[in-house]
Amino acid sequence: LIMGFGCNVPAIMSSRIIESRKARLVTMLVNPLMSCSARLPIYLVMIGAFFPGKASLILLSIYAIGILLAVLMARIFTKFLVKGDDSPLRDGASSLPYANRQKSCCATHGKKESNNLKKMGGIIMVASIIIWFLGYYPNHEAYETTAEQQENSYIGQLGKAIEPAIEPLGFDWKMGIGILSGIGAKELVVSTLGVLYTNEDDVDTVDLSERIPITPLVAYGYMLFVLIYFPCIATLAAIKQESGGWKWAIFAATYTTILAWLVAFGVYQIGSLFI
């Protein structure tokens, strides 16, 4: 879980050291709630714009909420969802291979990891191509600016289509497009917002964060949504690979998105009563 703060993919792959399948599966399911480094640029943009005097406190609260949600969901999954024995790890000494078998063991695992990474790479490549296609077509040369092209692209149309679902969270369709682009990789959220909120008159003089017309409450809800929702494609591929099928990967994508909506909805609606 701590490794997940760097990247969820190697963190999920390292869960194979857990001998109990139940504990291992629960660990994989809650690992996406650990805020990976790819989400950090999004926090920095939002915090720099709306919470300049409380940056450390806001950032700490986001990471803390992710940890608390992981603990809560792990308890729920262990009790109600994932079946099987939750036996502890065996004694470390008894589980280590004999010295004369270590070389063979490392070679075998190295070959398996290489095959796994090749399979994941194929899935990630296909997903990246799909996200690129949705953001580039149709009629990508028919518009004068990149922002206009993005608005009329397939992913722009999807962003407008989901606007009724995210409007109760205080988000507009542009923020929705940022959310959709983040499915491929969370780093794309900031660059997408940078394109969509571009004002040609002040793009060189005004920071991106100052061009996003939202309140601090909405900004905080957006950061929480990005923290929780749909893991990136690479993370889903890792869950699929380690769990042995798409069942748990799809479940992880579904429950995190629903949870993100509920948390952002609660923050916005309850916060609006006091702010």
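Visitor: Why is the meeting of E242 and R16 called a salt bridge?

Guide: A salt bridge is a side-chain nitrogen of Lys or Arg within 4 Å of a carboxyl oxygen of Asp or Glu. The side chains of E242 and R16 come to 2.4 Å, N to O, so the pair meets that cut-off. Please keep in mind that this is a predicted model, in which local features need pLDDT of at least 70, side-chain atom pairs count only at pLDDT 80 or more, and totals for chains, interfaces and linings use all residues. Residues are numbered from 1 along each chain as its sequence is written, and side-chain values use heavy atoms, with hydrogens and water left out.

Visitor: What does the pair of E242 and R16 tie together?

Guide: E242 belongs to helix α13, while R16 sits in the loop between α1 and α2, so the bridge joins parts that are 226 residues apart in sequence. Helices here are DSSP runs (H or I, at least four residues), numbered from the N terminus.

Visitor: How do you know whether E242 is buried or exposed?

Guide: Buried means under 20% relative accessible area, exposed over 50%, and partly exposed in between (1.4 Å probe, protein chains only). E242 has 8% relative accessibility, so E242 counts as buried. R16, at 29%, counts as partly exposed.

Visitor: With which residue does E242 form a salt bridge of 2.6 Å?

Guide: That residue is R24, the closest N and O atoms being 2.6 Å apart. Here too the pair links distant parts of the chain, with E242 in helix α13 and R24 in helix α2, 218 residues apart. R24 has a relative accessible area of 18%, so R24 is buried. Salt bridges that share partners join R16, R24 and E242 into one network, and the structure holds 2 salt bridges.

Visitor: Why is S15 called buried?

Guide: The relative accessible area of S15 is 5%, so S15 falls on the buried side. You can find S15 in the loop between α1 (8-13) and α2 (21-30). Leaving aside neighbours within four places in sequence, S15 is in contact (heavy atoms within 4.5 Å) with R24, T27 and M28.

Visitor: How do you know that C7 is in no disulfide?

Guide: A disulfide is a pair of cysteine sulfur atoms within 2.5 Å. The nearest cysteine sulfur to that of C7 belongs to C36, 6.3 Å away, which is too far for a bond. The structure holds 0 disulfides. C36 is buried at 9%, whereas C7 is partly exposed at 34%.

Visitor: Which residues have the most contacts inside the largest nonpolar core?

Guide: They are M46, F171, Y222 and M223, in a core of 66 residues. A nonpolar core is a set of buried Ala, Val, Leu, Ile, Met, Phe, Trp, Tyr and Cys residues joined through side-chain atoms within 4.5 Å. Helix α12 (residues 216-228) gives the largest share of this core, 10 residues. Not counting residues up to four places away in sequence, F171 touches several residues, including V218, Y222 and F225.

Notes: Helix = DSSP H or I, 4+ residues; strand = E, 2+ residues; numbered from the N terminus.
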